[in-house]
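Let's take a walk through this structure together, one piece at a time. Have a look at it first, and then we'll start with a pair of strands.

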Amino acid sequence: MNTKARHIHVEQVPVSPPTDAAAPQKVLVVDDSKLQRKILCSSVKRWGFEVFEAASGEEALQIAAEVQPDLVLSDWMMPGMNGLEFCNAFRQLSGDRYGYFILLTSKSEKNEIAMGLEAGADDFVTKPVDANELRARIKAGERILLMQRELTRKNDLISETLDELQRVYNSLDSDLLEAKKLQQSLIRERNKSFETGDVSLMLRSSGHVGGDLVGFFPAGAGHLGLFSIDVSGHGISSALMTARLAGYLSAAAPDQNVALQRLDDGSYAFLPPEIVIETLNDLVLDEMETEHYFTLLLADVDLVTGHVRMAQAGHPHPAIQRKDGTIEQEGPGGFPVGLMSGISFTQFETKLNPGDRLLLLSDGVTECPNPQGEMLEEEGVEEMMRDLRDVSGPAFFEAMLWKLEEFAVIQTFPDDVSGILFEYHGTEREK
């Protein structure tokens with residue numbers, strides 16, 4: 001094999017050593033000819049690289065495993081493991097750290113070049129080796145390696161950033177799950193029975209937390225307060241506002257409930273609902289630094305007589321289903337709370353008879369779209385109420401949500417959905 005020495009013609013080419021800290025530095029020269037290795041190594045060293053040499057493919061693999069060369073110059077024809085076999089083994093060894101592989105060969109046929117590329121070679125230098133061509137090939141390899149390592153560095157940075165974002169997301173997700181539990185805890189009781197009627201609540205947020213809130217509170221002797229709130233948006237800031245509003249209509253702290261008036265005897269009475277909403281409107285505009293507004297339906301139910309006083313602030317109309325199945329949906333509409341000062345609201349009244357029920361829903365129900373973009377609207381609510389005429393209590397809302405999912409053909413609604421169902425039974429004498 002020493003006859004190959006006469007085929008190598010390497011001239012001295014003055015070049016500057018690599019200056020970039022990330023530039024390739026290590027070159028492995030593989031050739032079974034000692035003379036050829038000496039000539040190649042001498043030139044590559046002058047070009048500023050740290051050079052390692054091996055006389056066979058097997059020896060080269062051992063060195064490559066230890067030093068991880070940036071570039072490899074390997075003869076094709078060698079006894080034992082030839083250049084193609086070594087190249088293939090080198091690729092399996094290098095892993096994520098890519099090494100640029102140049103085959104030194106006298107072969108020039110296209111099918112042989114294709115074999116080399118298939119084995120993993122990046123470039124070829126034809127014998128006899130010209131120094132200028134070899135240096136140019138190495139420079140091309142340097143550029144490719146620099147780009148590849150810069151890409152790897154950026155990918156690593158992206159991976160680290162994504163990992164950090166994932167950790168932040170997991171932390172936020174955990175916090176939001178806790179926030180969801182806290183928001184759901186604002187509804188202390190989902191179902192409660194009174195002597196003359198039953199009340200059931202439903203709240204499902206479109207995300208972890210939302211801007212809907214429903215609730216009830218004792219409102220003096222024989223009276224029950226109901227409220228259904230829908231804050232604009234359905235994210236964290238909306239959820240925080242619902243928590244603030246829950247305090248203004250608290251069942252646990254009647255002295256802080258803006259809907260209640262403390263009487264001289266220490267008992268409480270329900271203020272006119274329209275006055276309560278005006279008070280809330282002033283509170284939001286004067287005390288809350290927020291761009292959120294909300295719709296509201298507030299009701300004062302006389303548990304003895306079935307008389308109901310209500311005020312509406314942009315919320316969907318209340319639906320009353322009479323004992324005979326007929327449905328009424330009426331109300332003045334009104335202006336949302338927190339948009340403008342000096343707004344007045346209108347009270348309206350109705351009378352529930354034994355067997356009647358009152359349903360308050362957020363617009364997440366009435367404006368729920370189907371795949372064609374058509375909203376459920378009040379007509380769809382009426383149809384659901386007719387279909388569920390014989391279903392009561394919490395089961396009513398479970399069935400209604402099932403029907404809403406069937407209408408929307410989705411299980412996660414685009415907006416929060418909430419509701420209150422009050423079913424009036426009346427006194428034993430009335431029954």
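Val30 has Ala54 as its bridge partner in strand E2. Helices (H or I, at least four residues) and strands (E, at least two) are DSSP runs, numbered from the N terminus. E2 covers residues 50-54 and runs parallel to strand E1, with five bridges joining the two; strands count as paired if DSSP finds at least two bridges between them. Before we go further, keep in mind that this is a predicted model, where local features need pLDDT of at least 70, side-chain atom pairs count only at pLDDT 80 or more, and totals for chains, interfaces and linings use all residues. Residues are numbered from 1 along each chain as its sequence is written, and side-chain values use heavy atoms, leaving out hydrogens and water.

E1 also has strand E3 (residues 71-75) alongside, again parallel, through four bridges. There, Val30 sits opposite Ser74. How covered is E1 (residues 26-30)? Mostly: four of its five residues are buried, meaning under 20% relative accessible area with a 1.4 Å probe, protein chains only (over 50% is exposed, and in between is partly exposed). Follow the chain from E1 over helix H1 (residues 34-46) to E2 and you trace a right-handed β-α-β unit. Right-handed here means that, with the strands pointing away from the viewer, the path from the first strand over the helix to the second runs clockwise.

Now for the other sheet on our tour. This one is open, with five strands in the order E8-E9-E12-E13-E16 and antiparallel pairing. E8 (212-218) and E16 (347-351) are at its edges with a single partner strand each, so one side of each has no neighbour in the sheet. From one strand to the next, the twist averages 15°. E8 pairs with E9 (residues 223-231) over seven bridges, and Phe216 has Leu226 in E9 as its bridge partner. Helix H6 (residues 236-248) packs on this sheet, touching E8, E9 and E12 (294-302), and its direction makes about 160° with that of E9. Contact means heavy atoms within 4.5 Å, while axes are lines fitted to C-alpha atoms (for helices over the stretch in contact), with angles from 0 to 180 degrees between N-to-C directions.

Finally, how about disulfides? With the rule that two cysteine sulfur atoms lie within 2.5 Å, the count is zero. The sulfur of Cys41 is 18 Å from its closest cysteine sulfur, in Cys87, which is too far for a bond. Cys41 is buried, at 4% relative accessible area, and Cys87 is buried too, at 0%.
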